[in-house]
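Hi everyone, thanks for coming. Please have a look at the sequence and the 3D structure, and then we will walk through a few parts together.

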Amino acid sequence: MRFRSTRAPTNDAATHSFREAVFQGLAPDGGLYHPVETPDLRQPLENLPGPADFVTVAEETASRLLSPELDGSAVRRIVHRAFPFSPKLRRIDDSRLLLELFHGPSYAFKDFGAGFLACCMEELLRSDDRRAVVLVATSGDTGSAVARAFYGKENIQVVILYPSGRVSHLQEKQLTVLGKNITSLEVAGAFDDCQRMVKEAFMDPELRRRLTLTSANSINLGRLIPQAFYYLYAWLLMRPIPAERWFFCVPSGNFGNLTAGVYAWRWGLPVGGFVAATNINDVVPEYLEVGTFAPRPSHRTLSNAMDVGNPSNFERLQAVFGGDWRRMAAEIRGRVVTDEETLKTMEEVKREFDLFLCPHTAVGWLAAARELQTSSGPQKGEGEQAVILATAHPAKFRETVKDATGCEPELPEGLKEALELPKRSIPMEADLAALKRLLLERFG
Ligand SMILES: *Cc1c(COP(=O)(O)O)cnc(C)c1O
């Protein structure tokens, strides 16, 4: 498979390898890498023997997408290392299923993308005998997934910048307790300062000369592709149900998760469409409704991993649908959920199903409920089903869960452990000079 920038003309002969896309992150023209080809994965996946298991689906998909650039044994090593955990498709009632994506090491779906990216980088660096420094700015969740995914990887040092005092206690612990090849910098500033420092570091000529700097942020193609695997896996489990009778509902912020689902659909996954569920940061639902895209500053909400006012993956969605609003709106319906509705949903679901939802998943739950209620047309209505993506473990958002339900979800072992270990972070001023000194001293 070859890749092209979303900003390049669609007949541009210059295409890029997976390796280039992974190590560059952003294309030189500022666009995002997206696949040039549209492989058909339906038949090969339907032909897999026995009941679907996630690693097999991942291996089959990845080898069809990435060969010959990565051969069969490289793909096998990558997926087996990347996914010691699986998604779980849990039936709730006649019309609802949860696709639980929070059984990985940081208890959120970002573990799928970060785990795969880390293993791809390790594999590609080893084959070239190179070393790299991964720089990430985080406001919380991305950093913990990246830290866990890259922990102990050969030839890779990870430097995570987070804003001091602006991540939750649990998030900070998840970011800082690991040590080894993970260095956590507690920056005296806001998330935007962290992001600016990372950007400046990438543009600094001396750093570029002396280090192989790379990023692991959510626009990286190496994080996006593996997210298609769990949609394909869920489809294999849903196969007895006709495609037009079920849909995916995706709690969305930067729209990487939904884009991966749309990729899977393009590659042959039969499904009756997608629901883009957002909090009040609703630029995409608005676009789907009226056809104009109006990015704006984000608002803070309880589902804070979805507080994005200018979702970068919108460019990739546009590329899939050739910039045609009608075509996109035919496959994706937008739904917006407020904080008040999120809390009410969390309370109702706990009462009715004895089930804790994280606030992001609650947004998805209510969006799906609305979609199920209003579905109409010949093949809709009776018997329609929603597969709702559960993006984080409820215990990661204990305060909100407690406010909504009056009860506290139990902490899983891995989170208890993180809370007990000592924080190891390096305080840093919010300027490039300090970051540069540290990078050159330690890794130059
Ligand atoms: C990142 C995140 C999201 C949003 O995913 P996007 O791919 O940015 O749309 C939703 N829920 C949780 C828990 C997240 O961490």
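Let's start with a term: two strands pair if DSSP finds at least two bridges between them. Helices (H or I, at least four residues) and strands (E, at least two) are DSSP runs, numbered from the N terminus. Strand β5, residues 132–137, is joined to β8 by three bridges, and the two run parallel. One example: Val134 has Thr214 in β8 as its bridge partner.

Before we go on, this is a predicted model, where local features need pLDDT of at least 70, side-chain atom pairs count only at pLDDT 80 or more, and totals for chains, interfaces and linings use all residues. Residues are numbered from 1 along each chain as its sequence is written, and side-chain values use heavy atoms, with hydrogens and water left out.

Now the whole sheet. It is open, with five strands in the order β8-β5-β6-β7-β13, and the pairing is parallel. Which strands stand at the edges? They are β8 (213–215) and β13 (426–429); each has a single partner strand, so one side of each is left without a neighbour in the sheet.

Next, the helices on the sheet. Contact here means heavy atoms within 4.5 Å. Axes are lines fitted to C-alpha atoms, for helices over the stretch in contact, and angles run from 0 to 180 degrees between N-to-C directions. Helix α7 packs on the sheet and touches β6 (156–163) and β7 (182–188), making about 160° with the direction of β6. Helix α19, residues 432–443, lies across β5, β6, β7 and β13, at about 135° to β13.

Helix α7 (residues 169–176) also meets helix α18 (residues 413–420): their axes come within 9 Å and cross at roughly 85°. That makes α7 roughly perpendicular to α18, a label for angles of 65 to 115 degrees. On the α7 side we find His169, Leu170, Lys173 and Gln174, and on the α18 side Leu415, Ala418 and Leu419.

Finally, helix α17, residues 398–405. Is its Val401 buried or exposed? Val401 is buried, along with Thr400, Ala404 and Thr405; buried means under 20% relative accessible area, exposed over 50%, partly exposed in between (1.4 Å probe, protein chains only). The buried residues pack against α15 (339–353) and α16 (359–374). Turned away from that buried side are the exposed residues Glu399 and Asp403. After α17 comes Gly406, with a positive phi near 80°.

Notes:
Parallel < 35°, antiparallel > 145°, perpendicular 65-115°, else oblique.
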